[in-house]
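Please keep the sequence and the model in view while reading.

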Amino acid sequence: MQALALKALVFAMMVSVGLELTPADLADGPRRTGAFTAALVANLVVFPLGAWLVAAVAGVSPAFLAGVVLVAATPGAPAAPIFVRIAGGHLGFSTALTVTVGALGLVVAPILISLLPGAGAVGDGLFWPLL
């Protein structure tokens with residue numbers, strides 16, 4: 001029952017954030033090209049490569065390495081706009097970034113798993129069938 005209540009609360013908070021946004025707010029995020037590009041590169045390249053480096057140096061199994069890279073390459077903060085709203089940040093930027101990282105993560109995560117040494121060595125090495 002507690003888990004259901006928590007899910008309902010998060011859902012209600014996300015809806016409340018969404019109701020505050022206008023299409024102009026969402027379009028304003030990508031217009032800040034420098035910050036938006038830096039955030040995309042950090043989320044889709046820097047964090048997964050850093051996770052791969054740490055896991056590779058630690059000498060973990062290929063399956064664990066693939067899992068670490070996968071978790072680092074997928075969007076992990078769908079509730080980020082809620083925290084941005086609480087902190088008084090730019091809600092449109094945060095929401096646009098979250099949506100963009102989520103969409104690009106569907107393509108980038110399998111590519112990273114396939115390209116990084118050791119990460120794609122699970123099973124037959126093909127990660128694309130997960131899509």
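Val10, Met13, Met14, Ser16, Val17 and Glu20 of helix 1 meet Pro81, Ile82 and Arg85 of helix 5, where contact means heavy atoms within 4.5 Å, and where helices (H or I, at least four residues) and strands (E, at least two) are DSSP runs numbered from the N terminus. By class, this contact of helix 1 with helix 5 has six nonpolar, one polar and two charged residues; Ala, Val, Leu, Ile, Met, Phe, Trp, Tyr, Cys and Pro count as nonpolar, Asp, Glu, Lys and Arg as charged, and the others, Gly among them, as polar. The model is a predicted one, in which local features need pLDDT of at least 70 and side-chain atom pairs count only at pLDDT 80 or more, while totals for chains, interfaces and linings use all residues. Residues are numbered from 1 along each chain as its sequence is written, and side-chain values use heavy atoms, with hydrogens and water left out.

**Overall fold and confidence**

- Of the 131 residues of the protein chain, 26% count as buried, where buried means under 20% relative accessible area, exposed means over 50%, and partly exposed lies in between (1.4 Å probe, protein chains only).
- Among contacts in the protein chain with a separation of 6 or more, 69% are accounted for by residues 24 or more positions apart.
- The mean pLDDT of the protein chain is 80, and 88% of its residues reach 70 or more, pLDDT being the predictor's confidence in each residue, from 0 to 100.
- Among the elements of the protein chain, helix 2 (residues 23-31) has the lowest mean pLDDT, 80, whereas helix 3 (residues 33-58) has the highest, 90.
- Where pLDDT is low, the predicted coordinates should not be read in detail.

**Helix 1 against helix 5**

- The axes of helix 1 (residues 2-20) and helix 5 come within 9 Å and cross at roughly 65°; axes are lines fitted to C-alpha atoms, for helices over the stretch in contact, and angles run from 0 to 180 degrees between N-to-C directions.
- Helix 1 passes helix 5 in a left-handed crossing, a crossing being left-handed if the near helix is turned anticlockwise from the far one by less than a right angle, and right-handed if clockwise.
- Ala79 itself is found in the loop between helix 4 and helix 5 (80-87), and it counts as partly exposed at 25% relative accessibility.

**Helix 5 against helix 6**

- The axes of helix 5 and helix 6 come within 9 Å and cross at roughly 165°, so the two helices are roughly antiparallel to each other, a label given to angles over 145 degrees, with those under 35 counting as roughly parallel, 65 to 115 as roughly perpendicular and the rest as oblique.
- Helix 5 passes helix 6 in a right-handed crossing, and Ala80, Pro81, Val84 and Arg85 in helix 5 meet Leu91, Ser94, Thr95 and Thr98 in helix 6.
- By class, the contact of helix 5 with helix 6 has four nonpolar, three polar and one charged residues.
- Ser94, placed in helix 6, counts as buried at 8% relative accessibility, and it touches Ala80, Pro81 and Val84, not counting residues up to four places away in sequence.

**Helix 4 against helix 6**

- The axes of helix 4 (residues 62-73) and helix 6 (residues 91-115) come within 9 Å and cross at roughly 155°, and helix 4 and helix 6 are therefore roughly antiparallel to each other.
- Helix 4 passes helix 6 in a right-handed crossing, with the contact made by Ala66, Val69, Leu70 and Ala73 of helix 4 and Gly105, Ala109, Leu112 and Ile113 of helix 6.
- By class, the contact of helix 4 with helix 6 has seven nonpolar, one polar and no charged residues.
- Ser114 lies in helix 6 and counts as partly exposed at 35% relative accessibility; Ser114 and Ala66 are 48 residues apart in sequence and 9.3 Å apart in space, C-alpha to C-alpha.
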